[in-house]
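Could you give me a quick rundown of this model, with the cut-offs spelled out? I'd like the overall picture and then the cores.

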Amino acid sequence: MKYLYIILFCSLNFVSLHSQTLSGKITSADGNVVDFATVFFKDTEYGTLPNKQGEYQLSAPAGNYTLVVRALGYYTFKTSVQLQQSQVLNIVLKPDAQQLDEISITGKSATNRINESAYNVVAIDTKALHNKTLDLAHALDRISGVRVRESGGVGSAAEFSLNGFSGKHIKFFMDGVPMEGFGSAFQINNIPINLAERIEVYKGVVPVDFGADALGGAVNIVTSQKNRKTFVDASYSYGSFNTHKSYVNAGHTTKKGFTVQLNVFQNYSDNNYWIYIPVLDLQTGIYSTDEKKVRGFHSNYHNETLIAKAGVVNKKYADKLLFGITLGKERADIQNSNIMKIVFGKKFREGTTIMPTVQYQKKNLFTKGLDFNLTGNYNFGYSQNVDTASRQYNWYGEYIETQKKGEGSYSLAKFYNHNGGVTINISYNRFKRHSISLNNVLTTFDRKSEDRLALEGTINATDTFPKVTTKNVLGLAYKFDCNKNWNISLFAKHYAQYTKGPQNISSTNSAQYELFSNILSTAGYGAATTYLLKDFQFKLSYEKTCRLPTSDELFGDEDLEKSNAVLKPEHSNNYNFNVSYGKTFNKNHSLFIDAGVMYRDIRDYIRRVIESMHSTASYENHGHVSNIGYNGEIHYSYKRWLTVGGNFTYQNIVNQEKYKSGSTTVVSTSYKSRVPNVPYFFGNGDCNVFLAHIGGKENSLSIGYNMLYVYKFPLRWGTNGAYSSKDMIPSQFSHDVSLSYTIKNGKYNVSVECRNLTDERMYDNFSLQKPGRSFSAKVRYFFSK
């Protein structure tokens with residue numbers, strides 16, 4: 001036995017003396033960490049993967065090797081290494097312009113944490129879309145299960161729908177910070193695609209890290225988190241309807257860690273697209289029996305936004321400490337009401353965002369494995385609805401004078417929507433297979449009027465009431481990695497909300513209001529798991545969740561959206577199952593398939609209702625609805641020059657409230673009917689061709705095609721599931737084409753696009769028409785070192 005120990009000891013020392021380590025960091029040419037790189041010695045079994053900071057360590061016996069480093073979007077790196085002793089080799093990868101132009105829409109996130117999580121998440125890498133004129137809304141519209149519904153052109157109201165749930169059921173975040181209080185100048189359909197590095201869409205169960213009270217999912221817009229030394233990304237586009245869009249993103253980080261970042265963007269459009277609509281005869285008060293082709297004449301929109309941050313990075317006391325300010329301004333002419341035939345000629349809205357921010361991040365705070373993240377913001381902005389003209393217009397732009405103040409409801413006052421938010425995230429990952437995280441999100445809202453005298457002529461009696469709400473969501477999660485292929489997450493949440501606002505106590509059609517206040521508290525919980533089996537990944541999750549009413553639902557917008565401060569929170573049991581398959585064949589063919597099914601059982605469902613007489617809208621609790629949905633996606637790529645794919649979504653939101661309101665015996669005519677004004681079958685298709693070395697070795701050309709199909713869906717409740725043709729929003733089929741040319745590996749870029757190529761009539765909300773065929777061109781310059 002003694003000799004055995006001696007032999008073992010000598011063997012271990014022999015290996016340790018003759019095994020050497022090559023280490024270093026892998027970055028791109030601009031100094032950013034390269035995701036998903038692989039490092040190995042050619043024709044050997046020795047290989048490794050870098051960590052999240054791009055650092056790698058590769059051990060092997062002393063000798064001569066060929067080192068190979070590969071990463072998607074970069075040229076393969078090869079070099080000879082004489083490994084006689086441990087040494088350091090930092091590697092800089094050169095971007096492959098052809099790969100970088102590919103549109104990557106996958107069922108996995110761009111980070112390992114999300115990729116291996118149990119949550120049903122889809123990520124879109126937006127860097128491949130930065131040469132296009134898309135905004136965030138139209139990029140999201142290409143993901144399975146997603147529909148972005150707009151009421152018009154640039155700057156119009158946009159409603160995001162995910163697996164049948166829309167609007168406030170879906171929560172939006174920017175770098176994990178809730179966007180609920182960012183202001184109207186900062187919405188998904190006026191934010192340029194270049195602001196985002198990727199977008200994560202969580203279908204159903206949302207991780208505790210976000211502290212969300214979402215019912216149907218969440219969207220996280222991830223901006224660039226990489227510390228480039230110096231960079232500039234600038235673009236300008238011009239398109240149909242006199243549409244101008246520009247964007248500048250610049251930053252600089254010194255060797256001592258001081259950093260400054262600046263984002264500036266603007267949008268402008270006349271929105272004077274063609275509309276087909278019956279036109280009112282102002283003398284007789286009768287609408288034409290046929291549709292007239294008219295142009296929008298009061299639809300101008302513009303917004304300007306600036307985001308500035310300054311602070312330090314990579315310090316002992318902080319990985320990141322940034323102080324910032326977000327300034328925004330918008331003005332939008334209001335062309336029509338929620339019913340399109342009611343048209344305005346002078347009415348408009350405007351608003352501002354004045355929002356200071358702070359962000360602090362520190363990994364290994366006090367002890368190894370303890371990470372701390374804090375963000376805070378407060379919006380001092382205001383909104384104003386101006387409606388003072390005593391006129392009535394028709395779609396020809398003609399008008400008559402009236403005795404009534406305002407075209408709709410007289411309004412002049414400014415309303416200060418003061419929103420605040422603090423997010424704290426603490427995670428502990430000291431042990432190899434166990435991790436816990438704690439998150440708390442506090443948001444506040446307080447609306448006040450600047451001039452109460454300006455409100456004396458308005459018909460809205462709620463204007464003089466205080467409107468206050470405070471929400472707090474606390475979450476705790478535990479994750480256990482059973483093995484490298486299987487992990488389980490358990491979580492619990494506590495929800496609390498305080499509300500104070502006007503309550504209508506009248507039992508007749510004439511409103512009578514009194515001050516209402518309420519405090520509510522409830523809890524939720526859930527679990528999620530994922531299992532990897534060769535080329536397959538399976539995901540299963542359940543959550544008992546709650547969604548608290550938002551400030552817009554509780555208090556309206558002081559114009560066309562009316563208040564309902566007594567709304568109750570929604571409660572739901574959410575079930576999700578997803579399976580995906582990814583495989584590369586013969587190094588040239590890649591296939592990705594994803595399919596999922598979900599079920600929701602919702603109580604006190606909050607639904608937007610249109611009031612036809614005054615063309616206003618409000619939110620109400622509907623009782624009990626259920627939703628079952630299916631979605632699928634398939635993408636194929638050949639080598640590096642062709643990708644083709646598509647996705648579809650089917651969802652069926654059904655009214656499960658058997659009896660009419662206030663009755664226990666009278667069966668509702670809409671019982672078991674599909675909830676109206678929600679698309680239930682739709683899909684996308686795309687095809688992209690990438691041609692390298694066109695006009696130069698570092699130049700490339702990409703040609704893209706995208707298709708959208710929406711099957712007809714009911715505008716109103718059907719009687720026992722039956723609908724007349726007048727109650728249906730028709731099927732829609734649109735086509736987009738694009739051409740992008742990249743010079744010097746992306747330093748200079750030019751693109752042209754055509755949307756709605758066949759000039760189809762497009763509708764989203766209550767038959768509100770969207771723009772027809774449009775053209776646009778974009779130039780972009782990118783510099784980084």
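Here's a short tour, from the whole chain down to its nonpolar cores.

This is a predicted model, so to speak of local features we need pLDDT of at least 70, while side-chain atom pairs count only at pLDDT 80 or more, and totals for chains, interfaces and linings use all residues. Numbering runs from 1 along each chain as its sequence is written, and side-chain values use heavy atoms, with hydrogens and water left out.

The protein chain has five helices and 50 strands; these are DSSP runs, numbered from the N terminus, with helices being H or I of at least four residues and strands E of at least two. Of the contacts (heavy atoms within 4.5 Å) with a separation of 6 or more, 65% join residues 24 or more positions apart. Buried residues make up 51% of the 785 residues, where buried means under 20% relative accessible area (1.4 Å probe, protein chains only). The accessible surface, from the Shrake-Rupley method with a 1.4 Å probe, comes to about 35,800 Å², and 57% of that belongs to carbon and sulfur atoms.

| Residue | Relative accessibility |
|---|---|
| Cys482 | 15% |
| Cys546 | 0% |

As for disulfides (cysteine sulfur atoms within 2.5 Å), the whole structure has zero.

Now the cores, meaning sets of buried Ala, Val, Leu, Ile, Met, Phe, Trp, Tyr and Cys residues joined through side-chain atoms within 4.5 Å. The largest has 33 residues, and Leu140, Phe160, Phe186, Ile199 and Val219 have the most contacts inside it. Elements giving two or more residues to this core include strand E10 (121-125), helix H4 (136-140) and strand E17 (217-222). H4 gives the most, with four residues. Apart from this core lies another, of 18 residues, among them Ile26, Ala60, Ala71 and Val81.

Conventions:
Buried means under 20% relative accessible area, exposed over 50%, partly exposed in between (1.4 Å probe, protein chains only).
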